Amino acid sequence: MASTVAATTSVFARSSTALNPNRVHLRFFAPRPCRPLGRFRFLPIRALSSPNGFFNPIEVCVKESVTVPGKLGDCPFSQRVLLTLEEKNLPYDIKLANLANKPEWFLKISPEGKVPVAKLDDKWIADSDIITQLIEEKCPEPPLAAPPEKSSVGSKIFSAFIAFLKSKDPNDGTEQALLTELTAINEYLKENGPFVNGEKISAIDLSLGPKLYHLEIVLDYYKSWSVPESLTFVRNYMESVFSRESFVKTQALREDVIAGWRPKVEV
């Protein structure tokens, strides 16, 4: 029976949010066509094979939780990269970095001390835009790219959210600016949804989703504010993205999101 399974499926290792470096979690799934991602370091102790040869997990360095050691931290840009890997069913190995006390090994691969960074083609690459683009180019199935003309959908929400969060003046227009951006995407999704690129999730959703997740938690906690119920399509969109298995696996703890934004609120 085991040999039959091995002949028809690929076994890949994927780090779970438990993030125990000495434990490898296995799952089965049908192999997808993928261009070589270059050479990567094998996981300790075991080598993983597929019908197309040997594959190794992509190494991704992300922020560590400040509330529960060994858990993912609250960076929405890191989650975007992990979501991309999850949606493409690619194996990856997470390395956690304490950004409050950056270790030497981390500064060697990320001299600016920023996350995420991922090892692609034997090079550590920074910036979630570049990382996700390279992953899409190297492994285009399933496709996550969206038409360029849709890339600006929801692009101003994050900056509007930050401005409103930091605001101390209820009459400075920052709340209305955020509502304007949310209303715009609500109307867009009404005509084009349920996702930004239609029926299937795309790279735009994987970028926007983590930002909306932070918005929902942080504005509720610090301002007792939530997306208005009248914006039905935005709320449904958030629920659809947040409930995906890939999102649940890679999301930060609520406590970490709250702690991560505290410095901006207390300025």
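Which residues does Asn186 touch, not counting those up to four places away in sequence? In this predicted model, select Asn186 in helix α6 and display its surroundings: the residues it touches are Leu231, Thr232, Phe233 and Val234. The side chain of Asn186 reaches the backbone nitrogen of Thr232 at 3.5 Å, and Asn186 counts as buried because its relative accessibility of 5% falls under 20%.

Next, select Phe161, Leu178, Leu182, Leu212, Leu215 and Trp225, which touch the most other members of the largest nonpolar core, a set of 42 residues. Two or more residues of this core come from each of α5 (157–166), α6 (174–192), α7 (203–223), α8 (232–242) and α10 (254–265), with α7 giving the most, nine residues. Centre the view on Leu215, which, leaving aside neighbours within four places in sequence, is in contact with Ile157, Phe161, Leu178, Asp220, Trp225 and Val227. Apart from this core lies another, of 17 residues, among them Ile58, Leu82, Leu85 and Ala118.

Now turn to the charged pairs, for which the count comes to 11 salt bridges. Asp121 is partly exposed at 34% relative accessibility, and Lys138 is partly exposed at 25%.

Then select Lys114 and Glu112, a salt bridge with its closest N and O atoms 3.8 Å apart, where Lys114 is exposed at 53% and Glu112 is exposed at 61%. Finish at Arg262 and Glu266, whose side chains meet in a salt bridge at 3.9 Å, N to O; here Arg262 is partly exposed at 30% relative accessibility, whereas Glu266 is exposed at 59%.

Notes. Residues are numbered from 1 along each chain as its sequence is written. This is a predicted model: local features need pLDDT of at least 70, side-chain atom pairs count only at pLDDT 80 or more; totals for chains, interfaces and linings use all residues. Side-chain values use heavy atoms; hydrogens and water are left out. A nonpolar core is a set of buried Ala, Val, Leu, Ile, Met, Phe, Trp, Tyr and Cys residues joined through side-chain atoms within 4.5 Å. Buried means under 20% relative accessible area, exposed over 50%, partly exposed in between (1.4 Å probe, protein chains only). Helices (H or I, at least four residues) and strands (E, at least two) are DSSP runs, numbered from the N terminus. Contact means heavy atoms within 4.5 Å. A polar contact is a pair of N or O atoms within 3.5 Å; within protein, one must be able to donate a hydrogen and the other to accept it, and residues adjacent in sequence count only if both atoms are side-chain atoms. A salt bridge is a side-chain nitrogen of Lys or Arg within 4 Å of a carboxyl oxygen of Asp or Glu.
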